[in-house]
Amino acid sequence: MKRIAERLVWAIAVVWAVTTLAFVINNVIPSDPARMVAGPGARRQDVERIRKQLGLDQSLPVQYARFMGRLVHLGPSVPDASDANQEHASCATWGRLHVDLGKSYQQRRPVTAILAERLPRTAMLALAALVVELVLGVLAGVAAAVKKGTRLDGGLVGVSVLGASMPTFVSGLALQYGLGHRLHWLPLDGFGQTAGEHLVSLILPALTLGIYGAASYTRLVRDEMLGILRQDYVRTARAKGVSAHRVVLVHALRNALLLIATLVALNLGALVGGAVVTETLFRWPGIGSLSVTALLDRDGPVILGTVLVTSTAIVLSNVLVDFLYVLLDPRVRQVTER
């Protein structure tokens, strides 16, 4: 537990550092968010008025202090919507605990509300892609290890190298052309309106991300399985007449779970953090596509919100890896208990 507590403190420090760096970079880039909000034909007086409304006329330290002061704070359990100052209008609340990322410059909505809409969609895509990675990658890695030196092994390794080398936009376009345009089995892009349409629209982006990730799983699981299959306890199990399937699934694959769990935790953090190219290609309304739009619009509050969500997801995935190591590996558990 001490190790996990230390990692949580480390995680908070990393998220703070990343968010601070993103805040500084976003504010020192030579561009004018107020001009983008007002429009190219706006008068100078209107731009100055908008800049003052957004608080962009203040110094960088003042803006940073205001941002961090409102990021996590205490407030009323139920904010009063009739409050003339609308002090907590853009807050997400959990009892008296408030999280405030401000309002989007372009959408004029609380960033927390925008992220609350987008994050479940990205999580849905991440979980679906993770299932594809596990099914394809683990099965291919185990098969390649069991059939080492055969044509099947060479073919699976070759396909995995090809999959890892191919950018996701290339494989995504190929899937769009084959399954969407030529065969008309699946929609080319979009999110749909109903739950059924959401699931159907999920297939192509999940396959795109899953195939790319499965390539790494295949090679790593193959190498891990080859090492395990050479161990003495596996040879002993075979000498005792244990079936080949039981040797692979029970004795070998079970001992490869630590590697697989590590890959799952790290990949899930990266996927939830936002698959920018895939979400943009398939017009999937998640965190990744939101971050691209925010960068193009110079929408500072949304940029910082996506950075905060992305860094939190990745850092928490690393903490989860540490927890899984303690849970699955008795040697690590003994070290942490000392």
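Two strands pair here if DSSP finds at least two bridges between them. Keep that in mind for the strands. One caution: this is a predicted model.

Strands to begin with. Take β2, residues 91-94. Which way does it run against β3? The pairing of β2 with β3 is antiparallel, over 4 bridges. Here are two of the partners. Threonine 93 bridges to histidine 98 in β3. Alanine 92 has valine 99 as its bridge partner in β3.

Strand β1 covers residues 72-74, and β3 covers residues 97-100. These two also run antiparallel, joined by 3 bridges. Opposite histidine 98 in β3 stands histidine 73. So much for the strands.

On to the helices. General point before the details. An α-helix has 3.6 residues a turn, so residues three or four places apart point the same way.

Start with α3, residues 44-54. Which of its residues are buried? Asp46, Val47, Ile50 and Arg51. Around the axis they cover an arc of only 140 degrees, which puts them on the same side of α3. What covers them? The cover includes α2, residues 33-38. Turn to the face of α3 away from the buried side. There you find the exposed residues Arg44, Gln45, Lys52 and Gln53. After α3 comes glycine 55. Its phi is positive too, near 80 degrees.

Next, α6. This helix runs over residues 151-165, 15 residues in total. From first C-alpha to last, α6 reaches 21 Å. That is close to the 21 Å expected at 1.5 Å a residue.

Which residues of α6 are buried? Asp153, Ser160 and Gly163. Viewed down the axis of α6, these buried residues fall within an arc of 100 degrees, so they line one face of the helix. For anyone checking the cut-off, buried means under 20% relative accessible area, and exposed means over 50%.

What lies over that face? Among the elements covering the buried residues of α6 are α5, residues 111-146, and α8, residues 195-229. The face of α6 turned away from the buried side carries exposed residues. They are Arg151, Val159, Leu162 and Ser165.

To recap. β3 pairs with β2 over 4 bridges, and 3 bridges join β1 to β3. Questions, please.

Methods: Residues are numbered from 1 along each chain as its sequence is written. This is a predicted model: local features need pLDDT of at least 70, side-chain atom pairs count only at pLDDT 80 or more; totals for chains, interfaces and linings use all residues. Side-chain values use heavy atoms; hydrogens and water are left out. The expected span of a helix is 1.5 Å times one less than its number of residues. Buried means under 20% relative accessible area, exposed over 50%, partly exposed in between (1.4 Å probe, protein chains only). The arc is that of the directions from the helix axis to the C-beta atoms. Contact means heavy atoms within 4.5 Å.
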